[in-house]
Amino acid sequence: MDLTILWFGIIAFLFIGYFVLDGFDFGVGMSLPFLGKDDTDRRVIINTIGPIWDLNETWLIVAGASLFAAFPEWYATLFSGFYLALLVILLSLILRGVSFEYRHQRPEAAWKRRFDAMIVIGSAVPALLWGVAFGNIVRGVPLDEGFNYTGSFFDLLNPYALLAGVTTLLLFFTHGTLFVSLKTDGDLQQRARRLATRSGILTIVVAASFLLWTTLAYGTFWSAVLSAVAAVTLIVAVLANARGREGWAFGAMAATVAFAVLSLFLSLFPDVMPASNDPANSLTIANASSSAYTLQVMTWVALVSLPLILAYQGWTYWVFRKRVTRAHIEGAEAAH
């Protein structure tokens, strides 16, 4: 197999893993104002992702490092052209991480409200901007002969990219509320299920519009097939949730995110950064990749490390598989 194709696939896999896993983290964070009736509810919601959110975020680090090593031209063009949007994403992720760690350090309600607001902002902003970024990658951006981005920040805020951002925002929000339903019980679980149904219906409408636009304007046969599969699994997720099958609903939603992201990568292939002004200036897997020797070394490293990473993540999820309940939180408070 051509190693450039292999590494394009590995990077697609890493971003799929990131959006599936950190996607529901974003959704859980955004759900706080809607589901957190009191501080105990909010603590339950946050604790559903407490042991795993930082592990989920490492997928982004691995994806970024792999992109830098395997396709340095792609990395350079992406980070120089989208630097402001990516900087805002980075700051939002830092804000969210700090909030998780410091929210419980003081008992005052005002202190906790501020950090809760930071969690919401630190979840919603990346959920929106990741969609905007990938929408622009698929749509194409103006590049010169040296593969340098020649547009402005406001050129990135075009209708297609903004629709992509709203789509990812709603997908992750619904994904997160389904996770809350999966990991809690009682009244909070019922409220999460009702919220997921309402947001899921809106997500179907918006996501269908985005996938249809992508297929008609930028798609290939296989990306169109995967877009259709993503649409079906999204409907299955909403229907399963309405019937109280939270495990099936969450699994179908994870599949929706995975198939949708994969369809975007297939819409790109063999380009990695299309040039909207002149196709001759486009970055492809051929002209953006590292040397063959570099890719060979990376492939051997990946063969050893990726299975270990996946095994560790699977073990972590197994250890923390139980539901988080109000009784657990109230019992911990009583113990202190």
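Which residue just after helix 7 takes a positive phi? In this predicted model, in which local features need pLDDT of at least 70, side-chain atom pairs count only at pLDDT 80 or more, and totals for chains, interfaces and linings use all residues, the residue is G140, with a phi of about 100°. Residues are numbered from 1 along each chain as its sequence is written, and side-chain values use heavy atoms, with hydrogens and water left out.

Helices (H or I, at least four residues) and strands (E, at least two) are DSSP runs numbered from the N terminus. Helix 7 covers residues 109-139, 31 residues in total. The distance from its first C-alpha to its last is 45 Å, close to the 45 Å expected at 1.5 Å a residue, where the expected span is 1.5 Å times one less than the number of residues.

Two further backbone features lie in loops. F147, in the loop between helix 7 and helix 8 (159-183), has a positive phi of about 65° although it is not a glycine. The peptide bond from F269 to P270 is cis, with omega near 5°; P270 is placed in the loop between helix 11 (246-268) and strand 1 (271-273). Most residues other than glycine have a negative phi, and most peptide bonds are trans.

Helix packing was described with axes fitted to C-alpha atoms, for helices over the stretch in contact, and with angles from 0 to 180 degrees between N-to-C directions. Angles under 35 degrees count as roughly parallel, over 145 as roughly antiparallel, 65 to 115 as roughly perpendicular and the rest as oblique. Contact means heavy atoms within 4.5 Å.

The axes of helix 4 (residues 53-70) and helix 6 (residues 83-102) come within 12 Å and cross at roughly 165°; the two helices are therefore roughly antiparallel. On the helix 4 side the contact involves W53, E57 and L60, and on the helix 6 side L93, R96, G97, F100 and E101. These residues comprise four nonpolar, one polar and three charged, with Ala, Val, Leu, Ile, Met, Phe, Trp, Tyr, Cys and Pro counted as nonpolar, Asp, Glu, Lys and Arg as charged, and the others, Gly among them, as polar.

Helix 4 also packs with helix 12 (residues 292-319), the axes coming within 13 Å and crossing at roughly 175°. Helix 4 and helix 12 are therefore roughly antiparallel as well. Among the residues in this contact are W59 and A70 of helix 4 and M298, Y312 and Y317 of helix 12. By class, the contact has nine nonpolar, five polar and no charged residues.

Helix 1 and helix 8 pack at about 80°, with axes 6 Å apart, which makes helix 1 roughly perpendicular to helix 8. The residues that meet include F19, G23 and G27 in helix 1 and F172, G176 and F179 in helix 8. The contact divides into 11 nonpolar, four polar and no charged residues.

Aromatic rings of Phe, Tyr and Trp (its six-membered ring) pair if their centres lie within 6.5 Å; planes under 30 degrees apart count as stacked, over 60 as edge-to-face and the rest as tilted. The count by this rule is 32 aromatic pairs. One of them joins F8 and W74, whose ring centres are 6.4 Å apart with planes at 20°, so the pair is stacked. This pair links distant parts of the chain, with F8 in helix 1 (residues 3-30) and W74 in helix 5 (residues 72-81), 66 residues apart.
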